Amino acid sequence: MLLRRQSQFTTPGRGEFEGVADFYDHLMRGVPYDEWVDYVEALLHRWEARPEDVLDLACGTGQVGAEMARRGYHVWGADLSEPMVRHCCRRDPPVPAIVSDARALGLRSQAFDLVVSLYDSLNYILDLQGFQAAMQEAYRVLRPKGLLIFDLNTIRALSTEMFSQSSLAGPDPLQYNWKAQWKARERICRVDMWFAYRHPDGHFEEFEETHYQRAYTGGEVTGALRKAGFRSFKSYHAYRFTPVTPWSDRAYYVARKE
Ligand SMILES: C[S@@+](CC[C@H](N)C(=O)[O-])C[C@H]1O[C@@H](n2cnc3c(N)ncnc32)[C@H](O)[C@@H]1O
């Protein structure tokens, strides 16, 4: 059953992860989710953690959660988008998930050994207060010694037109055209997305979404972690074990609840 929890927060994106939900796995078919989970497991090893119960936070269609379930973890998911959650619950293996806002999770306290949130999901929270709330919620649902692992697009990634992309030719039935605009003062990247899917009978289904992501500085992230109660935390240049640099496109954060 899908539960929708009332939230005091608002989300400005137009139809974010609604129309695209049915095509998300197709769109992401080149994403090496198994290698991302290899990296998460390498981080767990470094932090000497052996989690059993895992929350895939902002799980989307559950690709990370399903890969972890295949590796023997007990995984649950939570995501703001109901269409994404439907796909998550139906995948193989299925990942039970609820519709829930990372800033106000409808989940009981101290239920998980690991909260993992990948693919820049937390960049979708557009203000520091909301980001802070998400860190507090992750802290609350973790058991003592539990780990929070998440990635974020950096300022460099969001300010360099990375999201201006298109695929308008070729045999792929899904065509798209995305235009990104960076607002430096707010550190927010707006992406206007147009999609068209060619069904087997030849008719095209068109839809549009507007997505917004905010870039957080390292200081903002570690400040939010500290305020939430985390005392040990570290950031990494994605898929390495070296520090984040001004040239990093993606940063990983690991934080432990003492
Ligand atoms: C780029 S997708 C990543 C999905 C998934 N983590 C993956 O790796 O494929 C970002 C996801 O974050 C979710 N999301 C955005 N804001 C959220 C929030 N405040 N609380 C929970 N989920 C959120 C979206 O609905 C979407 O499914």
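A nitrogen atom of the ligand lies 3.1 Å from an N or O atom in the side chain of Asp-101, a polar contact in the sense of a pair of N or O atoms within 3.5 Å. The model is a predicted one, in which local features need pLDDT of at least 70 and side-chain atom pairs count only at pLDDT 80 or more, while totals for chains, interfaces and linings use all residues. Residues are numbered from 1 along each chain as its sequence is written, and side-chain values use heavy atoms, with hydrogens and water left out.

Two further side chains join the picture. Asp-79 places an N or O atom of its side chain 2.6 Å from an oxygen atom of the ligand, and for Ser-121 the distance to a ligand nitrogen atom is 3.4 Å. The protein covers 97% of the 600 Å² of accessible area (Shrake-Rupley method, 1.4 Å probe) that the ligand has on its own. Around the ligand are 20 residues (a heavy atom within 4 Å), of which Tyr-24, Tyr-33, Ala-58, Asp-79 and Ala-102 come nearest.

Turning to the strands, four of them (DSSP E runs of at least two residues) make an open, antiparallel sheet ordered S6-S7-S8-S9, with pairing taken as at least two DSSP bridges between strands. Strand S6 (165-167) and strand S9 (204-214) each have a single partner strand, so one side of each is left without a neighbour in the sheet. From one strand to the next, the twist averages 10°, based on lines fitted to C-alpha atoms, with angles from 0 to 180 degrees between N-to-C directions. S6 and strand S7 (residues 174-183) run antiparallel and are joined by three bridges; Gln-165 has Trp-178 in S7 as its bridge partner.

Methods: Helices (H or I, at least four residues) and strands (E, at least two) are DSSP runs, numbered from the N terminus. A polar contact is a pair of N or O atoms within 3.5 Å; within protein, one must be able to donate a hydrogen and the other to accept it, and residues adjacent in sequence count only if both atoms are side-chain atoms.
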